[in-house]
Amino acid sequence: MKRYITDCNPDYSSLRPIVESITLNGAPDDAQVIFSKRNTVYTMMAGDEKLNIKAFRLPNIVNAFIYTTLRKSKAFRSYQNACRLIEMGFLTPKPIGYGEERDGIKLCHSYYISQHIDALNMRNWQDKPDCEPLLRAFAKEIVRLHHAGVWHKDFSPGNIIYTGNSTDGYKFYYIDLNRMRFNIKSRNKLMSMFRAINLNPAETERLARYYAEETGENPDNVAQEA
């Protein structure tokens, strides 16, 4: 027997019917696909609010049971981690809600709904005209994440978006949060966030040296570690 589980951010209680409708019926026909790979991301308007819908691909037969018995679903973790990240003083597109379709104890479709933000991402930062101040601000932000014990296991440049400029400052937002962990003390785990941050090792080293300037560590050691 199928059943549907939803939760909605109290700050967006007026959007609960939309969260419930997406959970039951999937993305609306007028939603636009903005990303499609393993998962599909749509954007849609809800009154004056622009939303993103992340539709997770159907889990394989093993994970379909794991995500209802041993672990929480990716949609649930995305929503909960976003709420926690905001509570800690970091930024992510505001979480609206999530929904799961279950068949018995098997997870079927699942969705994470969040605010849409028009922002740039950190891909190819070396080609950006404001690369220097942007990268220094980003290094400072990574230090802040690490001091707070936040481990973003998918810390790739496409999952880091930002607004602002060198004059007014930058704001960094994090997406794809379902594998995020908190209260991490392990230096190796935290520093592993440098692993996929740029395809160019020289740029990773550059970021690491700015990181070291913020922490007061030896730049050569941090660069090698990163």
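Contact here means heavy atoms within 4.5 Å.

## Glu141 and the basis of the model

Leaving aside neighbours within four places in sequence, Glu141 is in contact with Phe90, Phe172 and Tyr174. Glu141 lies in helix H4; helices (H or I, at least four residues) and strands (E, at least two) are DSSP runs, numbered from the N terminus. At 11% relative accessibility, Glu141 counts as buried. Buried means under 20% relative accessible area, exposed over 50%, and partly exposed in between (1.4 Å probe, protein chains only).

This is a predicted model, in which local features need pLDDT of at least 70 and side-chain atom pairs count only at pLDDT 80 or more, while totals for chains, interfaces and linings use all residues. Residues are numbered from 1 along each chain as its sequence is written, and side-chain values use heavy atoms, with hydrogens and water left out.

## Helix H6

Helix H6 covers residues 201-215, and its 15 residues should span 21 Å at 1.5 Å a residue. The expected span of a helix is 1.5 Å times one less than its number of residues. At the start of H6, a side-chain oxygen of Asn200 reaches to within 2.9 Å of the backbone nitrogen of Ala202. After H6 comes Gly216, with a positive phi near 80°.

The buried residues in H6 are Glu203, Thr204, Leu207, Ala208, Tyr210, Tyr211 and Ala212. Their cover includes helix H4 (131-147), helix H5 (187-191) and helix H7 (219-225).

## Salt bridges

The structure holds 14 salt bridges. A salt bridge is a side-chain nitrogen of Lys or Arg within 4 Å of a carboxyl oxygen of Asp or Glu. One of them joins Arg206 to Glu203, with the closest N and O atoms 3.2 Å apart. Arg206 and Glu203 are 3 residues apart in helix H6, and so are separated by about one helical turn. Arg206 is partly exposed, with a relative accessible area of 23%, whereas Glu203 is buried, at 11%. Both residues belong to a network of salt bridges that links Glu132, Arg136, Glu203, Arg206 and Glu213.

Arg187 and Glu217 also meet through their side chains in a salt bridge (2.9 Å, N to O). This pair links distant parts of the chain, with Arg187 in helix H5 and Glu217 in the loop between H6 and H7, 30 residues apart. Arg187 counts as partly exposed at 33% relative accessibility, and Glu217 counts as partly exposed at 29%. In helix H1 (residues 16-25), Glu20 and Arg16 are 4 residues apart, and so are separated by about one helical turn. Their side chains meet in a salt bridge (3.9 Å, N to O). Glu20 is partly exposed at 33% relative accessibility, and Arg16 is partly exposed at 30%.

## A nonpolar surface patch

Ile61, Val62, Phe65 and Ile105 form a nonpolar patch on the surface, with about 380 Å² of accessible area together. Patches are made of residues with over 30% relative accessible area and no salt bridge; like charges are joined within 9 Å, and nonpolar side chains (Val, Leu, Ile, Met, Phe, Trp, Tyr) within 5 Å. Accessible areas come from the Shrake-Rupley method with a 1.4 Å probe, and for residues only the protein chains shown count as cover. Val62 lies in helix H2 (residues 61-69) and is exposed, with a relative accessible area of 51%.

## Loop residues

Asn124 has a positive phi, near 50°, in a residue other than glycine. Asn124 is placed in the loop between strand E7 (120-121) and H4, and is partly exposed, with a relative accessible area of 47%. Asp176, which is not a glycine, has a positive phi of about 60°. The loop that holds Asp176 runs between strand E10 (169-174) and strand E11 (180-181); Asp176 is partly exposed, with a relative accessible area of 24%.

Ser192 is found in the loop between H5 and H6 and counts as buried at 17% relative accessibility. The side chain of Ser192 makes a polar contact with the side chain of Trp151 (3.2 Å). A polar contact is a pair of N or O atoms within 3.5 Å; within protein, one must be able to donate a hydrogen and the other to accept it, and residues adjacent in sequence count only if both atoms are side-chain atoms. Ser192 and Asp154 are 38 residues apart in sequence and 9.9 Å apart in space, C-alpha to C-alpha.
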